[in-house]
Amino acid sequence: MPLNVPIILTWLRIAMIPLIVGLFYLSDSWFSVPMRDTLAAWAFIIAALTDWFDGWLARRWNQTSAFGAFLDPVADKLMVCAALLVLLDINRVDVFIALIIIGRELTISALREWMATLGARASVAVHWLGKFKAAAQMIAIPCLLYDRKLYGVDLGWLGGWLIIIAAVLTVWSMLYYMQRAWPVIREKSR
């Protein structure tokens with residue numbers, strides 16, 4: 001396993017997951033609810049920024065690796081799924097939305113892995129739909145974790161709409177990837 005700054009940042013993102021989740025299991029004597037929500041939102045924002053920064057550094061410093069390419073999307077999916085489960089537990093996201101997003105992440109991860117074994121991973125490479133979906137999620141989740149007004153903007157309301165948009169983009173991008181993979185699936189199943 002190579003160890004460089006981009007991979008350390010990816011591991012840091014994974015290590016922040018228990019911090020974000022753990023904040024919601026501390027008693028109210030540790031932090032007030034507004035403080036807990038603020039800390040969780042900031043922790044998620046920092047973790048999300050490491051996602052962008054580790055990829056940028058890896059390309060800039062020519063430190064890309066097969067392990068980093070594997071670990072980065074795993075870290076993203078773990079972070080998003082953990083945050084959605086917390087939001088589900090505190091009734092800030094609908095179970096249907098969480099199921100759509102988590103189900104898609106599992107489905108597309110499995111599809112990409114299977115397509116890679118068939119030598120056709122490029123047919124399900126990341127598309128702009130997936131990038132927009134990820135951006136909507138990465139903005140929606142800290143808004144929902146914070147869930148109050150900031151400078152007159154109701155971030156809970158904004159996050160609620162953005163997570164719905166993310167769910168729509170989730171289904172759309174899943175259908176796109178399935179359509180791209182279908183010819184290979186059909187050919188290999190003969």
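A pocket is an open set of grid points with protein on both sides within 12 Å along at least five of seven lines. The model used in these exercises is predicted.

**Exercise 1. Describe the largest pocket: its volume, its lining and the helices that supply it.**

Step 1. Take the volume. About 1,400 Å³ of space lies in the largest pocket.

Step 2. Take the lining. It is made by 42 residues. Asp51, Asp72, Pro73, Asp76 and Val126 lie nearest the centre of the pocket.

Step 3. Assign the lining to helices. Helix 1 (5-23), helix 2, helix 3 (66-89), helix 4 (95-117) and helix 5 each supply at least two residues. Helix 3 gives the largest share, with nine residues.

**Exercise 2. Find the cavities of 30 Å³ or more and list what lines the largest cavity.**

Step 1. Count. The structure holds one cavity of 30 Å³ or more.

Step 2. Size. The volume of the largest cavity is about 40 Å³.

Step 3. Lining. Leu23, Leu26, Ser27, Asp28, Phe31, Val33 and Arg36 surround the points of the largest cavity.

**Exercise 3. Check the span of helix 5 against 1.5 Å a residue, then treat helix 2 in turn.**

Step 1. Helix 5 covers residues 128-146, which is 19 residues. The expected span is 1.5 Å times one less than the number of residues, so helix 5 should span 27 Å.

Step 2. Compare. The end C-alpha atoms of helix 5 are 28 Å apart, which agrees.

Step 3. Helix 2 covers residues 33-60 and has 28 residues. From first C-alpha to last, helix 2 reaches 40 Å, close to the expected 40 Å.

Step 4. Look past the ends. Asp147 follows helix 5 and has a positive phi, near 55°. Asn62 follows helix 2, and its phi is also positive, near 55°.

**Exercise 4. Classify Trp161 by its relative accessible area and name the residues of its nonpolar surface patch.**

Step 1. Trp161 belongs to helix 6 (residues 155-188).

Step 2. Classify. Trp161 has 47%, so Trp161 is partly exposed.

Step 3. Name the patch. Trp157, Trp161, Ile164 and Val168 make a nonpolar surface patch of about 460 Å².

Notes: Residues are numbered from 1 along each chain as its sequence is written. This is a predicted model: local features need pLDDT of at least 70, side-chain atom pairs count only at pLDDT 80 or more; totals for chains, interfaces and linings use all residues. Side-chain values use heavy atoms; hydrogens and water are left out. Helices (H or I, at least four residues) and strands (E, at least two) are DSSP runs, numbered from the N terminus. Patches are made of residues with over 30% relative accessible area and no salt bridge: like charges are joined within 9 Å, nonpolar side chains (Val, Leu, Ile, Met, Phe, Trp, Tyr) within 5 Å. Accessible areas come from the Shrake-Rupley method with a 1.4 Å probe; for residues, only the protein chains shown count as cover. A salt bridge is a side-chain nitrogen of Lys or Arg within 4 Å of a carboxyl oxygen of Asp or Glu. Buried means under 20% relative accessible area, exposed over 50%, partly exposed in between (1.4 Å probe, protein chains only). On a 1 Å grid over the protein atoms alone, a cavity is a set of points where a 1.4 Å probe fits but cannot get out, and a pocket is an open set with protein on both sides within 12 Å along at least five of seven lines; lining residues have an atom within 4 Å of a point. Grid points are joined across faces, edges and corners, and a volume is the space filled by probe spheres set on the points.
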